[in-house]
Amino acid sequence: MDPAALDAADPLRCFRERFALPEGKMYLDGNSLGCLPRETPQKLANLVDREWGENLIGSWNDAGWVSAPERVGAKIARLVGAADGEVVACDSTSVNVFKALCAALSVNQGRSTILSERGNFPTDVYMMQGLETLTGGRVRSRLVDPEEVIGAIDEDTAAILLTQVHYRTGRIRDMATTTAAAHAKGALAIWDLSHSAGAIPVDLNAARADFAVGCGYKFLNGGPGAPGYIFVAERHQADAIPALSGWFGHARPFDFEDRYEPAPGITRFLAGTPPILGLAALEVGVDLMLEADMAEVRAKSIAMGSLFTALMEPLCAAHGFALASPSDPNQRGSQVSYSHPNAYPIVQALIARGVVGDFRAPDVLRFGLTPLYTSFAEIASAVDILRAVMDEGAWDRSEFHERSAVT
Ligand SMILES: Cc1ncc(COP(=O)(O)O)c(C=O)c1O
Ligand SMILES: Nc1c(O)cccc1C(=O)C[C@H](N)C(=O)O
């Protein structure tokens, strides 16, 4: 596996120049915040100067602002195996998790438990717990160990809430078989696609998924705090009651009626005024992702992960790193994680030398592999730098042990 040869043969290599990548940085954190597409600043400048600055409120109609959540949602739908009219881009993923949980409970009446796994991304679990508190315990939030989820689905389970690619380990859950197991027990399946959309091929409708949510700022490169999205399978839309019954989800928002009536389709899952600047940036990232062939994205992601783990093997033996991701690349999303007792200062030492990965408590070093802009050569250099940091003991400096607010 020669990195230079792999880069030369990479069918996606032309995408790298479409991103503004800072000199001297090896950015392996696109699974937390994706890079800036070169086209985004120009798009936003035009929106601000012309659509907002000159045309002002007229742009809600003239520039298509009012339909942006559906338009961007329809593009995201193509990345996740959904149909037109099944996805809207809106709100944060956290808020969309809450909306999906409530919608699932409204469809699956008479059942009261939401089931998830211990160690799932915290916001998903916190939203379940918040709903339990809000309903005075009528809705029950239940967590079991990851391998026990399927066996724990019972006749009171309204829905399972799972993340397709686990944020810490990168483990992929089989969406089709897990969803089928939920359906067999009369439960619905809600999927968090934050680490899978744009990273691996996703096919919500082939898996018969019921609801899904995801982030816009990771592999979709929508920018910090980009809107997320929510998918509601067409078959549930008429029965799913929006818990956040805001005016943008009304059947006729500009009739200003006293009585709430949800819109007939996916737009009932909108709540308030769409964040137009954020949606515009997200649309650039999604359009760019749509230009890529997802089979090529997946093949490169697997090849990058295989190179990374092969190069890391001697470091595991010499310096005590342990692979925290599945060793089978087919079971991993687009990231590789290692555990190490000194993970935090090691990550800081790497960042100081230009290798940007991240630390996930309590002891994980996480490296995101983003096929559109990461090269094989960067991966080889990143591992070389990690080797040097370890051989020199360069991580053990007091400033690298100081925790910052955001890791
Ligand atoms: C799986 C998963 N769900 C949800 C979120 C967070 O969503 P939000 O954008 O609401 O902070 C993240 C990352 O922050 C995540 O990794
Ligand atoms: N959303 C983030 C933020 O606002 C600050 C720092 C990191 C994030 C993240 O997205 C974390 C990410 N979901 C993770 O998988 O760890």
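How do the residues of the shell around ligand 2 divide into nonpolar, polar and charged? I took that as the opening entry, keeping in mind that this is a predicted model.

**Ligand 2.** I looked up the surroundings and found Ser32, Tyr167, Arg360 and Val406. By class, I noted 2 nonpolar residues, 1 polar and 1 charged.

**Helix α12.** Next I turned to α12, which runs over residues 376-392. I counted 17 residues in the helix. I get 25 Å from the first C-alpha to the last, close to the 24 Å expected at 1.5 Å a residue.

Which residues of α12 are buried? I listed Phe376, Glu378, Ile379, Ala380, Ala382, Val383, Leu386 and Val389. I reminded myself that residues three or four places apart point the same way, because an α-helix has 3.6 residues a turn.

I then checked what covers the buried residues of α12. The cover includes the helices α1 (3-8), α10 (294-319) and α11 (343-352). It also includes the strands β1 (26-27) and β11 (355-356). Just after α12, I noted a positive phi of about 65° at Gly393.

**α2 against α9.** At what angle do α2 and α9 pack? I find about 145° between α2 (residues 39-54) and α9 (residues 276-291), with their axes 9 Å apart. I logged the crossing as right-handed. On the α2 side, I see Glu39, Thr40, Lys43, Leu44 and Leu47 making the contact. From α9, I see Leu277, Ala280, Ala281 and Val284. I sorted this contact by class into 6 nonpolar, 1 polar and 2 charged residues.

Notes:
Residues are numbered from 1 along each chain as its sequence is written. Chains are lettered from A and ligands numbered from 1 in the order in which they are written. This is a predicted model: local features need pLDDT of at least 70, side-chain atom pairs count only at pLDDT 80 or more; totals for chains, interfaces and linings use all residues. Helices (H or I, at least four residues) and strands (E, at least two) are DSSP runs, numbered from the N terminus. The expected span of a helix is 1.5 Å times one less than its number of residues. A residue is buried if 20 or more other C-beta atoms lie within 10 Å of its own, exposed if 12 or fewer, and partly exposed in between; C-beta atoms are placed from the backbone. Two residues are in contact if their C-beta atoms, placed from the backbone, lie within 7 Å. A residue is near a molecule or strand if its C-beta atom, placed from the backbone, lies within 6 Å of it. Ala, Val, Leu, Ile, Met, Phe, Trp, Tyr, Cys and Pro count as nonpolar, Asp, Glu, Lys and Arg as charged, and the others, Gly among them, as polar. Axes are lines fitted to C-alpha atoms, for helices over the stretch in contact, and angles run from 0 to 180 degrees between N-to-C directions. A crossing is left-handed if the near helix is turned anticlockwise from the far one by less than a right angle, and right-handed if clockwise.
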